[in-house]
Amino acid sequence: LKRAFQIAIDGVASTGKSQTARLLVQRLDGFAHIDSGAMYRAITLKTFPLKPAVSSTAWAEQVAAIAENTQFHFAGSRLFMDGEDVSTDIRSLEVTRAVSAVAAVPAVRSALVRMQRDFASAPGRGSRGVVMEGRDIGSTVLPDAQLKIYLDGQVLVRAERRFAEMHAAAKKAGLPLNVTLEEIMADVQRRDTADFERKTSPLKKADRAVVIDTSFLSLAEQVGMLEVLARERLMHWEK
Ligand code: CDP
Ligand code: CDP
């Protein structure tokens, strides 16, 4: 039996990893989409009721216990945690601001990496493969992936994308947007630094990764580029 075909997409925040993966699985037959960042976000959401811990070690232990006792399930691009759809709640600004600290806890990473590898080895009945996106997919989670992509982009462009997204969401909800572009840019930069400097599997370009600068690409253009690369590799692999 042939193993599932693995596509790993990594890169800094707001380079379009989630949207690109979502659209790519729509174009390729029989692929599942795994958003690993959504899993770190969901664990972060689950830590909010925790009482302030006496020490950072005690806090890390509590967070690790949460990660080890959580069930995840992806349905299309929606994420269910312990049976509940958390896809919307995990996108809040509070979660975005707290997630880097949670993602830096080694025991949280090992628990989630184990689950991510399980998803990739059994992406669902009849599935050809998986598109998994995050920060350490090509380097740590799926080092043998048949196609590895590293998405990059200028920080101002990425902050503008995030700002536009939040602006649209606030408008739709009829709520004021009480955050500025400068604040979003600072958040993006802070998260980039945390991702690059983390001790356990920091963000880096994996060996054999195809690097794409998304600063001047539309979403459709970058999906098209990935589709071409994926079809070419799939053709050789399925021969
Ligand atoms: O969409 P955005 O780029 O804002 O972030 P995300 O992909 O939803 O990931 C949220 C956070 O989880 C990131 O800031 C990373 O710190 C962390 N993460 C990680 O450490 N490893 C991954 N494989 C994916 C995400
Ligand atoms: O997952 P990641 O944080 O890398 O990015 P995303 O959540 O998929 O995309 C962030 C935002 O940037 C979304 O609103 C995308 O539609 C937008 N985007 C864009 O406008 N142009 C691109 N070339 C890539 C993403």
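This is a predicted model: local features need pLDDT of at least 70, side-chain atom pairs count only at pLDDT 80 or more; totals for chains, interfaces and linings use all residues.
Colleague: Understood. Which residues come nearest to ligand 1?

Modeller: Arg41, Arg109, Asp136, Arg191 and Asp195 do, out of 18 residues around ligand 1 (a heavy atom within 4 Å).

Colleague: How do the residues of that shell divide into nonpolar, polar and charged?

Modeller: The shell around ligand 1 has 10 charged residues, 4 polar and 4 nonpolar. Ala, Val, Leu, Ile, Met, Phe, Trp, Tyr, Cys and Pro count as nonpolar, Asp, Glu, Lys and Arg as charged, and the others, including Gly, as polar.

Colleague: And which oxygen or nitrogen pairs can you cite? Start with aspartate 195: how far is a polar side-chain atom from an oxygen atom of ligand 1?

Modeller: The distance at aspartate 195 is 2.6 Å, which is a polar contact (N or O atoms within 3.5 Å). Serine 36 places a side-chain N or O atom 3.0 Å from a nitrogen atom of ligand 1. Arginine 198 also uses its side chain, with an N or O atom 3.0 Å from an oxygen atom of the ligand.

Colleague: How much of the accessible area of ligand 1 does the protein cover?

Modeller: On its own, ligand 1 has 520 Å² of accessible area (Shrake-Rupley, 1.4 Å probe), and the protein covers 98% of it.

Colleague: Which elements give two or more residues to the shell?

Modeller: They are helix H2 (36–47), helix H4 (93–103) and helix H8 (181–197); a helix here is a DSSP run of H or I with at least four residues, numbered from the N terminus. H2 provides the largest share of the shell around ligand 1, with 4 residues.

Colleague: At what angle do H4 and H8 pack?

Modeller: The angle is about 30°, and the axes of H4 and H8 (lines fitted to C-alpha atoms) are 9 Å apart. H4 and H8 are therefore roughly parallel to each other.

Colleague: And how do the axes of H2 and H3 cross?

Modeller: H2 and helix H3 (residues 56–68) cross at roughly 120°, their axes coming within 10 Å. H2 is therefore oblique to H3.

Colleague: Changing topic: which residues come nearest to ligand 2?

Modeller: Of the 15 residues around ligand 2, the nearest are Lys17, Gln19, Glu165, Leu217 and Gln222. The shell around ligand 2 consists of 8 polar, 4 charged and 3 nonpolar residues.

Colleague: Where do backbone atoms come in, say at leucine 217?

Modeller: A backbone N or O atom of leucine 217 is 2.8 Å from a nitrogen atom of ligand 2. Threonine 15 likewise uses a backbone N or O atom, which lies 3.1 Å from an oxygen atom of ligand 2. Arginine 161, by contrast, uses a side-chain N or O atom, 3.4 Å from a nitrogen atom of the ligand. Alone, ligand 2 exposes 550 Å², of which the protein buries 81%.

Notes
Residues are numbered from 1 along each chain as its sequence is written. Chains are lettered from A and ligands numbered from 1 in the order in which they are written. Side-chain values use heavy atoms; hydrogens and water are left out. A polar contact is a pair of N or O atoms within 3.5 Å; within protein, one must be able to donate a hydrogen and the other to accept it, and residues adjacent in sequence count only if both atoms are side-chain atoms. Axes are lines fitted to C-alpha atoms, for helices over the stretch in contact, and angles run from 0 to 180 degrees between N-to-C directions. Angles under 35 degrees count as roughly parallel, over 145 as roughly antiparallel, 65 to 115 as roughly perpendicular and the rest as oblique.
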